[in-house]
Amino acid sequence: MKIEDIIKTTAVLNNSNRIILNVMYTENVINEKFNEVLKPYELSGEQYNVLRILRGQKGNPANMSVIQERMIAKTSNTTRLVDKLLLKELVTRKVCPENRRKIEVLITQKGLNVLHELDPKVTEHGNYFSKNLNDEELEQLNTLLEKYRNQ
């Protein structure tokens, strides 16, 4: 369905405006479905992102700035996200012995278990949205989005 039909406009949109609306609408559709995947685990997309970042550390702690720079949503409040994950016992937090101003965060086994359960569901979520595209089209879409974003 065309974006003009979705937003019910009769105005003629130039391509620059159409792409912005298409990307924003598509982001919302993807996020809504992704939130449905995360809901049974009582996780937000941002909390899930923090867990994935910490799993990627392969047992090494990450400080708040490392987590923040790797976040998809750069405006996320990392401290608040880590606090919520602490309450769910999905991460641990301690003061860095070398620099007492730094806080080190590690994913717990419980956090790893949650990600292990989510992995196939997240893969299924991605496949749901890419099912109408072949590998070449997926590669092209990635290339175009990266080109579009990196002005």
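A salt bridge is a side-chain nitrogen of Lys or Arg within 4 Å of a carboxyl oxygen of Asp or Glu. The side chains of Asp83 and Arg93 meet that rule, with N to O at 2.4 Å. The model described here is predicted. By the rule above, the count comes to three salt bridges. Side chains of opposite charge can pair when their charged atoms come close.

- Asp83 has a relative accessible area of 31% and is partly exposed.
- Arg93 also counts as partly exposed, at 38% relative accessibility.
- In the sheet, Arg93 stands opposite Val105 of β3.

**Salt bridge Arg18–Glu4**

- The side chains of Arg18 and Glu4 form a salt bridge, at 2.8 Å from N to O.
- The two residues sit in distant parts of the chain, 14 residues apart: Arg18 is in helix α2 (residues 15-38) and Glu4 is in helix α1 (residues 3-6).
- Glu4 has a relative accessibility of 14%, and it is classed as buried because the cut-off for that class is under 20%.
- Arg18, at 25% relative accessibility, counts as partly exposed.

**Salt bridge Arg55–Asp119**

- Arg55 and Asp119 form a salt bridge in which the closest N and O atoms are 2.9 Å apart.
- Arg55 is partly exposed, at 26% relative accessibility.
- Asp119 is partly exposed as well, at 25%.

**Packing of α3 and α6**

- On the α3 side, the residues in contact are Tyr48, Leu51, Arg52 and Arg55.
- On the α6 side, they are Leu112, Leu115, His116, Leu118, Asp119 and Val122.
- Sorted by class, this contact has six nonpolar, one polar and three charged residues.
- Arg55 and Asp119 therefore belong to the helix contact and to a salt bridge.

**The sheet and the helices across it**

- Three strands make up an open sheet with antiparallel pairing, in the order β1-β3-β2.
- β1 (62-63) and β2 are the edge strands, each of which pairs on one side only.
- β2 pairs with strand β3 (residues 103-107) in the antiparallel sense, over five bridges.
- Helix α3 lies across β1, β2 and β3, and runs at about 90° to β3.

**Thr108, between β3 and α6**

- Thr108 is found in the loop between β3 and α6.
- With a relative accessible area of 16%, Thr108 falls under 20% and is therefore buried.
- Apart from neighbours within four places in sequence, Thr108 is in contact with Glu89, Leu90, Val91 and Thr92.

Technical notes:
Residues numbered from 1 in each chain as written. Predicted model: local features only at pLDDT ≥ 70, side-chain atom pairs only at ≥ 80, totals over all residues. Heavy atoms only, no water. Helix = DSSP H or I, 4+ residues; strand = E, 2+ residues; numbered from the N terminus. Buried < 20%, exposed > 50% of the residue type's maximum accessible area, 1.4 Å probe, protein only. Contact = heavy atoms within 4.5 Å. Nonpolar A, V, L, I, M, F, W, Y, C, P; charged D, E, K, R; others polar. Pairing = 2+ DSSP bridges. Axes fitted to C-alpha atoms, helices over the stretch in contact; angles between N-to-C directions.
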